[in-house]
Structures are given as C-alpha cells and as structure tokens.
Amino acid sequence: MFDTVVKSVNNLLWGEGQVLIYILLFTGVWFSVRLKAIQILKFKHMFSLLKGSSKCKKDDISSFQALCTGLCARVGTGNLAGVAVAISLGGSGAIFWMWVIAILGMATGFAESVLGQVYKVRDSGGEFRGGPAYYIQQGLGSRAFAIVFAACLFLGYGFTFSAMQTNTITDALNYAFEVPTFYSGLVITVLAGSIILGGFKAIARFAERVVPIMGIVFVLAAVIITIINFTQVPAMLKDIFLSAFGLQEAGAGAMGAAIKNGIQRGLYSNEAGAGSVPHASASASPIPNHPITQGYIQMLGVFFDTIVLCSCTAVIILLADIDISGEMEGIRLTQSAMTAHLAQGGVYFVAAAITLFAFTSVVANYAYAESNLHLFKLDNKVGRGIYTLLYLSMMLWGASATLKEVWDLADIALGLMTVVNVIAIILLTPTILSVTSDYHAQRDKGLEPEFKVKDVKVQGKCEDGIWD
C-alpha cells in the first residue's frame, strides 16, 4: 500500500504528470525575467561579494559559513550518485538539462535566499532562524500553509534524505572495502550525532573547514582526467548536445528521458526552488547588512554545485571506457568510471569523496529541519531530543535499505517541498523585487547597501528589530 502511494505521487510529480518539471522551468524563467537575468548580468558581482563574505557580527554566522552550510547540503549524493543515476537513465543528454535547470535555478535560488534573510527571526539562543515556513507565515500570513511546508521538510531533510546519504556512503564503502553496511552506518550515525549536537554554529564551522577542501580536490581530479583524455572531449560534448535533443538513434524517447532525469537530478543536487537553502541563508549575518548579499552568495552555491561539481562527475563517467546498462545505477557507476581512469585507486578515491560529500550533507540536513522546531515552539531539550533520535534512527535504517527505496522516498519529499515553496516565492515576488531594487539603488549612489524595513515595500510583517 505504502509503495503504491509513493509510486503514484512520484509518477504525478516526476513521471507521466511531470508537474515538477513544468513548475521548475516556469519558476526559473519567471525569476530570470523579473530579475532581469540577474544570474548572467550580475555574474561578476556575485563573485566580488565573496571577498568580504567571511566577515560577520561577533558570535553570528558569516555569509561564507552560510554558503558552506548550504553547499554541505547541496554537495552530496546528488553530485556523485545523482549524476550517475541521471546518465544511466537519461543518457549523456541529461547533463545538458542539468545545466539548463542550474542556470535558471540560480535566479530561483537568489529569490528564495533573499526571502530567507528578510523574514528571519532570532530564537531563544540568539541564533537566526528562517526559511520557507517563516516567510510563508510572516509574508503571506498563512500559518496553515507554513505547517504544510514544515511537514514536507521534516519528511525530506528531517528523515528521508539522511537515510539516502547514509545508504550511498555505506554502499560505496562496501564496494571499495567490503565493509558491512550496518557497521559503517552505525559509525557514520555516531559521528554525525557528535557534530549536530553542537547546534547550527558548530555545523557552520564544520562546513567552513571541510567544504572548500573536498570541492577543490574533486575538481582537480576531474581536471586531470580531462587533460589526460583531451582528445575525447569534443566527441563527448557533441554526444551530450545531440542526446539532449533526441538527435541520436533513440530519438524523441531518449530526449524525454534526458529532460526528465536531468532536471530531476539537477534539482536534487542544487536544490534551487526546493526551499532548503533559505534556512542556511537566514542563519547568516551578512556584510553588507542587506538580504541581497546572501541572495548573491547562495546563487553562487547553485553555480558551483551543478555547473562545476556535477559537470566534473559527468566528465569522469562519460570519458571512461565503460558500459552503461540503461538500468538505474548510483555511486557504483561513478566508482567504476573512476576505476577505468585510476585503476583500483579510483574506487577508493570515490569512496572517500562520497563519504565526505554525503556526510557533510547529513550534518546540514539536520540543521535545516531543526530550524523549524522554533516555529512550533519545540526548540527545547525535549523537542530537539526527540527529533535528533528520529533523525539518527533514519540514518541507521538507510544504511541497509535498497537504492530504489531511499531514492523514491527522497524524490517524493523533495517534490512536495518544491511545490509548496515555489507557490510561496512566486506570491512573494513583489517583496523580492522591492528588496533587490533597494540594494542596487544604494550601490548606484556609491553607498554600501544597508537594509531598513521602513524604506522597502515588504509584504506581511518581518522582524523590524533585526534590521532597524
């Protein structure tokens, strides 16, 4: 019965109904147009803000830490296993559609991250909290709609995604070192528990130290492989573009599979529009003191996650001389590809990479869902204790679950979150445009932007004391 429900909902969202594909494409185009192609025309400014992103008020979380926390959640199984799933089911053309949804998603990610900052609050411990449930309740004035999103979030980031990340780690370690999945899952659960109990600030500090190192090492490995196989690159790129538009032998059916799997796995990887990253955005105390700063910083996260890291995985797989079965394949396909390039060391390299990538995701996912406990007045020892116990239990379950079980649950949770969040951010478009205009108007006058609620048209109510 449960499997039937999951299959039916996923079929509506991602399968024959393709509701999510149309919604995401519409939303990406909507914000790209309304924000005047901000992800392209302000591309250089996005990078310039990185210079001062590590600065923040004392005891607060910096924009760079928030970016790393967001990347912690983004950079995980979607980058290594998700790309493999997309290629195995949608062919090389799926990568093109991952790029498309990433470019459009940069504008969507900007919009939701700005809202996360505008409607953030301080909790009893002095930390900033925010996210879709907060901007839905404050901006749209609907607590019921906020609760619906929070429920979807807990299903996804609170439970399902942690199981899926653990499943990928244990499968990779089992394939590389023959470590029993239960025992490696138990160790991962204990290690994750030791970090998440330190709260959002501890998670942000952990992310700031780990994410840059693991990203640089993985990119360097992909660059070296590309250089070694440079003569094959033109043929690979040609195959990606031809497959994306069904111009290969398989025709239109292949094009449909490429679009579906490319967009589906692209969203899972960069999370633009899903409503997850605004939780990390809200936690930051940005310099300059304006919500748009964090919008730009998190937009960079979408670019780095999909255009850079997912492309690295795609290059590793597509340049490898291996057979792709057409059946659903995850992390083991990436490991097989790396083995073709680096012999047996490739298996170990991917196992180490996915362990770090997925483990950081596990830590950040906990923080996202935990942020919503404040919304329900459950951010106390009892509420956090029950949530933490359930979260860690799902991690342990995921260690031994099947690949299809965990990905199906992850897909339904991500899909439901995205539907609710996209409706909210489109309804809050006037606020996004008003805040964006305020930021650029101040910059045009040569001022360092500073946000004051009274100077901007903001829908609903936000915490004036934080900004004024």
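Among contacts in the chain (heavy atoms within 4.5 Å) between residues at least 6 apart in sequence, 82% join residues at least 24 apart. The model is predicted, with local features requiring pLDDT of at least 70 and side-chain atom pairs counting only at pLDDT 80 or more, while totals for chains, interfaces and linings use all residues. Residues are numbered from 1 along each chain as its sequence is written, and side-chain values use heavy atoms, with hydrogens and water left out.

**Exercise 1. Describe the chain as a whole.**

Determine how many helices and strands the chain has, and what percentage of its residues is buried.

Solution. 
- Step 1. Helices (H or I, at least four residues) and strands (E, at least two) are DSSP runs, numbered from the N terminus. The chain has 21 helices and two strands.
- Step 2. A residue is buried under 20% relative accessible area, exposed over 50% and partly exposed in between (1.4 Å probe, protein chains only). Of the 468 residues in the chain, 59% are buried.

**Exercise 2. Trace the salt bridges.**

Find how many salt bridges there are, and identify the residues linked in a network.

Solution. 
- Step 1. A salt bridge is a side-chain nitrogen of Lys or Arg within 4 Å of a carboxyl oxygen of Asp or Glu. The count by this rule is three.
- Step 2. Glu370 pairs with Arg129, with 2.9 Å between the closest N and O atoms. This pair links distant parts of the chain, 241 residues apart: Glu370 belongs to helix H17 and Arg129 to strand S2 (residues 128–129). Both residues are buried.
- Step 3. Glu370 also forms a salt bridge with Arg384, at 2.5 Å from N to O. Arg384 lies in helix H18 (residues 381–398), 14 residues from Glu370. Glu370 has a relative accessible area of 6% and is therefore buried, whereas Arg384, at 26%, is partly exposed.
- Step 4. Arg129, Glu370 and Arg384 are thus linked in a network of salt bridges.
- Step 5. Asp455 and Lys454 form a further salt bridge, at 3.7 Å from N to O. Both Asp455 and Lys454 are exposed.
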